[in-house]
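Please consult the sequence and the structure shown below while reading.

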Amino acid sequence: MPRIELTVNRRVEVVDVPVQWTLLQLLRDGLGLDGTKEGCGEGSCGACTVLVDGRLTRACLSLAVRAAGRHVSTVEGLAREGVLDRVQTAFVQHGAIQCGFCTPGFLMTTTALLAEHPAATDHEIREFLSGNFCRCGGYTLILNAVRSLVGRDVVTRRAARA
Amino acid sequence: VILRPFEYVECATIDDAVKAVVAHGDDARLIAGGTALVPLMKHQIIRPRVLVSLAGIPGLDAIEPGGHGALSIGALATHHDVARSAHVRAIAPLLAHACSRVASPTIRAMGTLGGNLCYGESASDPSPALLALGAQATLAGPGGERIVPLAQFFTGFYETALADGEVLVRVTVPAMPAGARWRYLKWTPRAREDKALVGLAVVLQVEDGRCRLARLAVGGVASSPVPLVAAAQALEGRSIDDRTIAGAADAAAMELEPMDDLQGTAVYRRDMLRLWTRRVLHELAREVAG
């Protein structure tokens with residue numbers, strides 16, 4: 001079984017990983033970080049989205065051995081010393097969380113969006129989030145949370161109807 | 001969903017990869033970004049005993065000018081990198097745009113151009129763009145390298161010209177003809193991140209109202225990505241008017257055998273190909289007319 005060294009949320013880990021493990025299995029089963037979810041398991045739904053060296057990655061499609069020497073960021077690394085980061089805070093403030101299963105993926109995708117497009121347009125936001133599914137259908141509130149992070153006006157139901 | 005055990009071989013050079021796939025034969029599969037391969041393995045549609053990884057080969061993701069105004073793209077360049085590359089945007093903006101329409105941002109950041117082509121899927125976004133641009137693929141094998149025009153690379157339903165032991169190394173894209181207009185039109189059955197039901201790439205050069213050069217190709221309609229040869233013939237040398245455009249759209253619709261599946265019936269695919277060919281050509285004609 002290969003032994004790999006990687007950094008997960010700023011902490012160096014040395015782990016033995018079965019070669020057929022995905023990064024998702026390494027995070028959840030190997031390191032006990034079960035914030036990252038398995039939805040479809042085939043790369044469509046975005047629930048397992050993490051960042052590897054800052055790049056968006058589907059943990060369910062990545063081989064764990066390929067994370068050797070890299071920095072993996074998961075939802076557990078967003079808050080510092082129990083204080084939610086600004087992405088998490090925006091999601092809470094805008095009620096952008098219903099059942100919560102898709103939330104870690106949306107938070108990580110939004111984190112990548114802010115790094116790439118700090119002043120994202122509505123089109124860029126929608127394009128960036130297009131690979132994350134919320135089966136509660138809470139997209140309006142999620143979009144509002146993200147809009148608030150790039151200094152755009154949130155769209156209320158009343159304004160949308162007008 | 002979990003993966004069955006396999007052996008994992010990390011290669012340092014193309015030679016290593018060729019040797020590994022020759023040594024393991026049908027038991028081996030090459031893995032680049034894994035976005036297509038891993039789901040197939042999870043569903044046990046394929047069960048390779050050995051995965052030969054190309055991810056560690058230095059420089060295989062390089063995107064650089066390739067001489068004579070052409071562009072050279074390493075097989076491991078991701079869709080995201082191709083879409084963002086200043087070289088690609090300058091020399092082959094059609095390809096940059098097609099790559100920006102692949103799946104969703106995360107899949108684009110993982111999946112590679114080479115992997116996309118070698119998967120041989122009809123509904124590939126970059127494939128029709130590369131066909132319309134007249135690109136070539138360089139394949140490395142036990143006997144050295146050979147160059148295959150992309151028009152001969154796709155040989156059937158998920159089938160390519162790759163022979164046993166061959167590895168796609170790079171794609172070479174010639175510069176677009178001066179003043180040529182282009183479009184990549186992706187028609188999806190439901191949502192934006194769906195696969196193309198019609199993925200239509202067009203390069204059109206018009207001079208004094210007359211079509212000098214037309215290159216059309218489509219993914220998602222026939223069993224593999226294909227050039228629309230009859231449609232191009234219906235355009236070249238003719239004045240670009242409603243009649244010519246309607247004729248080219250009819251030619252496009254009639255020159256293929258459309259797939260018939262849950263994404264869409266053959267009749268629907270044919271209708272959509274005719275419709276979008278007509279609309280895209282009208283758009284480009286208006287653009288030329290200024």
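## Interface between chains A and B

In this complex, 27 residues of chain A are in contact with 34 residues of chain B, contact meaning heavy atoms within 4.5 Å. The model is a predicted one, in which local features need pLDDT of at least 70 and side-chain atom pairs count only at pLDDT 80 or more, while totals for chains, interfaces and linings use all residues. Residues are numbered from 1 along each chain as its sequence is written, chains are lettered from A and ligands numbered from 1 in the order in which they are written, and side-chain values use heavy atoms, with hydrogens and water left out.

The two chains bury about 2400 Å² between them, and carbon and sulfur atoms give 52% of this area. Buried area is the accessible area (1.4 Å probe) that two parts lose on being put together, summed over both. Of the area that chain A buries against chain B, Arg55(A), Leu61(A) and Arg66(A) supply 26%, more than any other three residues.

Three salt bridges are counted between chain A and chain B; the term denotes a side-chain nitrogen of Lys or Arg within 4 Å of a carboxyl oxygen of Asp or Glu. Over all chains, the count is 22 salt bridges. Two that join chain A to chain B are tabulated here.

| Salt bridge | N to O distance |
|---|---|
| Arg55(A) and Asp81(B) | 3.4 Å |
| Arg108(B) and Glu127(A) | 2.8 Å |

The pair of Arg108(B) and Glu127(A) runs from helix H6 of chain B to helix H4 of chain A. Helices (H or I, at least four residues) and strands (E, at least two) are DSSP runs, numbered from the N terminus.

## The second largest pocket

The second largest pocket holds about 720 Å³ of space. A pocket is an open set of points on a 1 Å grid over the protein atoms alone, where a 1.4 Å probe fits, with protein on both sides within 12 Å along at least five of seven lines; lining residues have an atom within 4 Å of a point. Grid points are joined across faces, edges and corners, and the volume is the space filled by probe spheres set on the points.

Its lining comprises 32 residues, with Arg66(A), Arg70(A), Ala55(B), Ala109(B) and Met110(B) nearest the centre of the pocket. E4(A) gives the most to this lining, with three residues.
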